[in-house]
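Here is a friendly briefing to read alongside the model. Have the viewer open and follow the topics in turn.

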Amino acid sequence: MLEMLANFLKLLNSDASPSQISLGFAFSLFLGLTPLMSFHNLILIFIVLMVRVNLTAFFLGLALFSLTAFGINSVSISLGEALLTSSELNAFWTGLYQSDFWRLMQFNQTLVLGGLSLSLILCLPIFMGSLIFIRLYRKRFMAWIKTLKISRMIKATKFYQVYDKLGVLND
């Protein structure tokens, strides 16, 4: 857990684009809230690898949202069940289930449909919230840390300069 926090702080302090980091968190939401062995997750992983997404943010978000999923699976199942048993959507689900592709997507399972629906609802707020958080963090907190006397003293040491030249801080 401590290593995950260290990776998160390293990510926030890196030169990575806030948009790429936020997009990584947003995509990880889909993978974390739905069962891992779903066909749509395979498609999502392909998209993540093709689009410029920060993979560190994606994997950190995946760990976070997978843990969160254990607590909210009952909500996902209830949402999926409500969508599948809705009389207004009965013809829609019947039409989808007639196609092999949509059957492969497993939308007839309450956890898959509920988790995917919840992910769609939360995707934009997660993306925008993390984007705002990262920008504020970098603008205010990181700038404040750099002005501290102890921070300047550490950066002046030979150890820090050697450490910085090795590129360990820039990963």
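Let's begin with phenylalanine 101, which is partly exposed at a relative accessible area of 39%; buried means under 20% relative accessible area, exposed over 50%, and partly exposed in between, with a 1.4 Å probe and protein chains only. This is a predicted model, in which local features need pLDDT of at least 70, side-chain atom pairs count only at pLDDT 80 or more, and totals for chains, interfaces and linings use all residues. Residues are numbered from 1 along each chain as its sequence is written, and side-chain values use heavy atoms, with hydrogens and water left out.

**Aromatic rings**

- Phenylalanine 101 pairs edge-to-face with tryptophan 102, at 5.1 Å centre to centre and 75° between the planes.
- Rings of Phe, Tyr and Trp (its six-membered ring) pair if their centres lie within 6.5 Å; planes under 30 degrees apart count as stacked, over 60 as edge-to-face and the rest as tilted.
- Tryptophan 102 is also partly exposed, at 33% relative accessibility.
- Phe101 and Trp102 belong to one aromatic cluster with Phe39 and Phe107.
- The structure holds seven aromatic pairs.

**The chain as a whole**

- The chain has nine helices and zero strands; helices (H or I, at least four residues) and strands (E, at least two) are DSSP runs, numbered from the N terminus.
- Of the 171 residues in the chain, 33% count as buried.
- Among contacts between residues at least 6 apart in sequence, 76% join residues at least 24 apart, where contact means heavy atoms within 4.5 Å.

**Helix α2 against helix α3**

- The axes of α2 (residues 18-33) and α3 (residues 39-50) come within 10 Å and cross at roughly 160°; axes are lines fitted to C-alpha atoms, for helices over the stretch in contact, and angles run from 0 to 180 degrees between N-to-C directions.
- The two helices are therefore roughly antiparallel to each other, a label for angles over 145 degrees, while under 35 counts as roughly parallel, 65 to 115 as roughly perpendicular and the rest as oblique.
- The crossing of α2 and α3 is left-handed, meaning that the near helix is turned anticlockwise from the far one by less than a right angle; clockwise would be right-handed.
- Phe27, Phe30 and Leu31 of α2 make this contact with Asn41, Leu44, Ile45, Ile47 and Val48 of α3.
- By class, the residues of the α2 and α3 contact are seven nonpolar, one polar and no charged; Ala, Val, Leu, Ile, Met, Phe, Trp, Tyr, Cys and Pro count as nonpolar, Asp, Glu, Lys and Arg as charged, and the others, Gly among them, as polar.

**Helix α2 against helix α4**

- The axes of α2 and α4 (residues 55-85) come within 7 Å and cross at roughly 35°, and this crossing is right-handed.
- Residues of α2 including Ile21, Gly24 and Phe25 meet residues of α4 including Ala57, Phe58 and Leu60.
- The contact of α2 with α4 has 13 nonpolar, five polar and no charged residues.

**Two buried residues to look up**

- Isoleucine 21 lies in α2 and is buried, with a relative accessible area of 0%.
- Leaving aside neighbours within four places in sequence, isoleucine 21 is in contact with Leu11, Ala16, Asn54, Ala57, Ile134 and Arg138.
- Isoleucine 21 and threonine 56 are 35 residues apart in sequence and 8.0 Å apart in space, C-alpha to C-alpha.
- Serine 119 sits in helix α7 (residues 110-147) and is buried at 0% relative accessibility.
- Beyond its neighbours within four places in sequence, serine 119 is in contact with Leu29, Phe30 and Leu33.
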